[in-house]
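This briefing goes through one structure by topic. Please keep the sequence and the 3D view at hand while reading.

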Amino acid sequence: MCDTCGCNVTDANRNLVEAGGKHAKTKAGNEAVEVLQNLLHENNHRAAHNREHFDKHQVLAINLMSSPGSGKTALLEATIDALKNSSEAFSIGVIEGDLETENDAQRIRDKHIPAIQITTGSACHLDAYMVHDALHELSLEGLDIVFIENVGNLVCPASFDLGHHLNVTLLSVTEGDDKPAKYPVMFRASDLTLLSKSDLLTVLDDFDVTRAEENIRNLANPAPVFQLSARKNIGMEAWINWLKQQIQHYKGHLESGETVLPKIQKEGQTLHKARYV
Amino acid sequence: MHELSVCQSIITQVAQIAHENNALAVTKVIVQIGPLSGIEAPLLEHAFPIASAGSIAQDAALETQILPIRVRCNICGNENEAAISKLLCSACGSWQTSLLSGDEMLLKSIELEKSEEQAHV
Ligand SMILES: Nc1nc2c(ncn2[C@@H]2O[C@H](COP(=O)(O)OP(=O)(O)OP(=O)(O)O)[C@@H](O)[C@H]2O)c(=O)[nH]1
Ligand SMILES: [Mg+2]
Ligand SMILES: [Zn+2]
Ligand SMILES: [Zn+2]
């Protein structure tokens, strides 16, 4: 039916999904139609278009997720400052998602970086349509990375593909080291977890960095975990270096005619790859 | 809660398929979700009547089938069921596993009511 939607039927789950098989007539005489499409088919379609748009401009798109107030905007502000002092800098643009207010986009614009605000009203997550609309307003010319700051929420954003390439999740140390175990969908999907507000570790006696990392590994997620403080400028170098590596990695993929997808699990990747041809 | 958005997406797809099949109504919608999809079955079932009101699926029953979380160990090859926040190998204890099932969010099938003549063609 369509090539890019990745409806998550894989070789691994096919026997479960298709158990029972097709049956043309139900007992009541109605007609049964086998569909096997992702529940968010339309969104995923739009997301694939967004990704093509990013790829055409060779711009790496990063979905920033966390609970409300974990320091996403503060991280972006500190990133902008760090890039100003860096010799081999790259340039960024920002899409801000919030329930209400233009505050976060304004904080970014105050630092002379292009920022588009999406206000979602009652929606607790961004979707590919909202990002698509924002992309109409954001010129990708000359950018290396677009950060999409999602609505502060550890549940809903994880289910919606925006057309981004990587997921970065913040876990501020005041939230507790058990959050990956409580929000497995979100933390399983992150390509990098940042333990933010790390300057507060000294005053918190119950946040155990090792335990936080263990909880992430328990989700079969091998992605790196960094400690970082945007306010006290701790760990920014590792973060900036990681971003540089990701730009390289992404451009390498583009050169061989491939895109990059948030790495959740191998099967999902193979499926997407197979469907991309 | 994003389950309402998910339901709206389901209704859009279902309405399109019903239309393509010249159906009078949709009588049943079967979805399959895994615990790691981020979609809660009770919330989905609660949102469905709201999202389907006034659509061709307004009288349809929603059936949600929950698929198990299963992993395969990348180290020893063992396959086992796992808990949502412990995707570990039950044989060697490794966390380096691949998910075999449990993150699905699938519109599996739908049932359509057709007019008498069509049903007999
Ligand atoms: N101590 C400390 N506080 C921080 C740090 N980063 C952010 N904060 C504080 O945390 C609060 C929230 O920061 P934001 O950057 O607005 O968080 P956010 O994740 O963008 O919030 P939402 O967009 O509303 O979800 C602010 O009061 C920041 O000053 C940090 O590294 N250390
Ligand atoms: Mg913010
Ligand atoms: Zn599709
Ligand atoms: Zn094993």
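This is a predicted model: local features need pLDDT of at least 70, side-chain atom pairs count only at pLDDT 80 or more; totals for chains, interfaces and linings use all residues.

In which loop of chain A does Gln58(A) lie? Gln58(A) sits in the loop between α2 (41-56) and β2 (60-65) of chain A.

**Chain A overall**

- Chain A contains 10 helices and eight strands.
- Of its 277 residues, 57% count as buried.
- Taking contacts in chain A between residues at least 6 apart in sequence, 72% join residues at least 24 apart.

**Positive phi angles in chain A**

- Most residues other than glycine have a negative phi.
- Gln58(A) is not a glycine, although its phi is positive, at about 55 degrees.
- Gln58(A) has a relative accessibility of 40% and therefore counts as partly exposed, the limits for that class being 20% and 50%.
- Thr101(A), also not a glycine, has a positive phi of about 70 degrees.
- The loop that holds Thr101(A) runs between β3 (92-98) and α4 (103-109) of chain A.
- Thr101(A) is partly exposed, its relative accessible area being 40%.

**Helix α9 of chain A**

- Helix α9(A) covers residues 236-255, which is 20 residues.
- From its first C-alpha to its last, α9(A) reaches 29 Å, close to the 28 Å expected at 1.5 Å a residue.
- Buried residues in α9(A) include Met236(A), Trp239(A), Trp242(A), Lys244(A), Gln246(A) and Tyr250(A).
- Ile240(A), Leu243(A), Ile247(A) and Leu254(A) are also among the buried residues of α9(A).

- Seven of the seven residues of β3(A) are buried, so the strand is largely enclosed by the rest of the structure.
- Ile92(A), Val94(A), Glu96(A) and Asp98(A) point one way from β3(A), while Gly93(A), Ile95(A) and Gly97(A) point the other way.
- β3(A) runs parallel to strand β5 (residues 145-149) of chain A, and five bridges join the two.
- Opposite Gly93(A) stands Val146(A) in β5(A).
- β3(A) also runs parallel to strand β4 (residues 115-119) of chain A, again with five bridges.
- Opposite Gly97(A) stands Ile118(A) in β4(A).

**Magnesium site in chain A**

- Thr73(A) (OG1), Asp104(A) (OD) and Glu149(A) (OE) coordinate the magnesium ion (ligand 2) at 2.1 Å.
- Along the chain, the donors of the magnesium ion (ligand 2) have the spacing T-x30-D-x44-E.
- Thr73(A) belongs to helix α3 (residues 72-84) and Asp104(A) to helix α4 of chain A, so the pair ties together parts that are 31 residues apart in sequence.
- Thr73(A) and Asp104(A) are buried.

- Cys76(B), in the loop between β3 (70-73) and β4 (79-81) of chain B, and Cys89(B), in the loop between β4 and β5 (97-101), are 13 residues apart and link distant parts of the chain.
- Cys76(B) is partly exposed, with a relative accessible area of 40%, whereas Cys89(B), at 4% relative accessibility, counts as buried.

**Sheet in chain B**

- Three strands of chain B form an open sheet with antiparallel pairing, in the order β4-β3-β5.
- β4 and β5 of chain B are the edge strands, each pairing on one side only.
- From one strand to the next, the twist averages 30 degrees.
- The antiparallel strands β3(B) and β5(B) are joined by four bridges.
- Arg72(B) stands opposite Ser98(B) in β5(B).

**Ser115 of chain B**

- Ser115(B) occurs in the loop between β6 (105-113) and α3 (116-120) of chain B.
- With 18% relative accessibility, Ser115(B) counts as buried, since the cut-off is under 20%.
- Ser115(B) and Ala25(B) are 90 residues apart along the chain, and their C-alpha atoms are separated by 9.5 Å.

Methods. Residues are numbered from 1 along each chain as its sequence is written. Chains are lettered from A and ligands numbered from 1 in the order in which they are written. Side-chain values use heavy atoms; hydrogens and water are left out. Buried means under 20% relative accessible area, exposed over 50%, partly exposed in between (1.4 Å probe, protein chains only). Two strands pair if DSSP finds at least two bridges between them. Axes are lines fitted to C-alpha atoms, for helices over the stretch in contact, and angles run from 0 to 180 degrees between N-to-C directions. The expected span of a helix is 1.5 Å times one less than its number of residues. Donors are N, O and S atoms within 2.8 Å of the metal (3.2 Å for Na, K and Ca); water is not among the atoms, so sites may look incomplete. Contact means heavy atoms within 4.5 Å.
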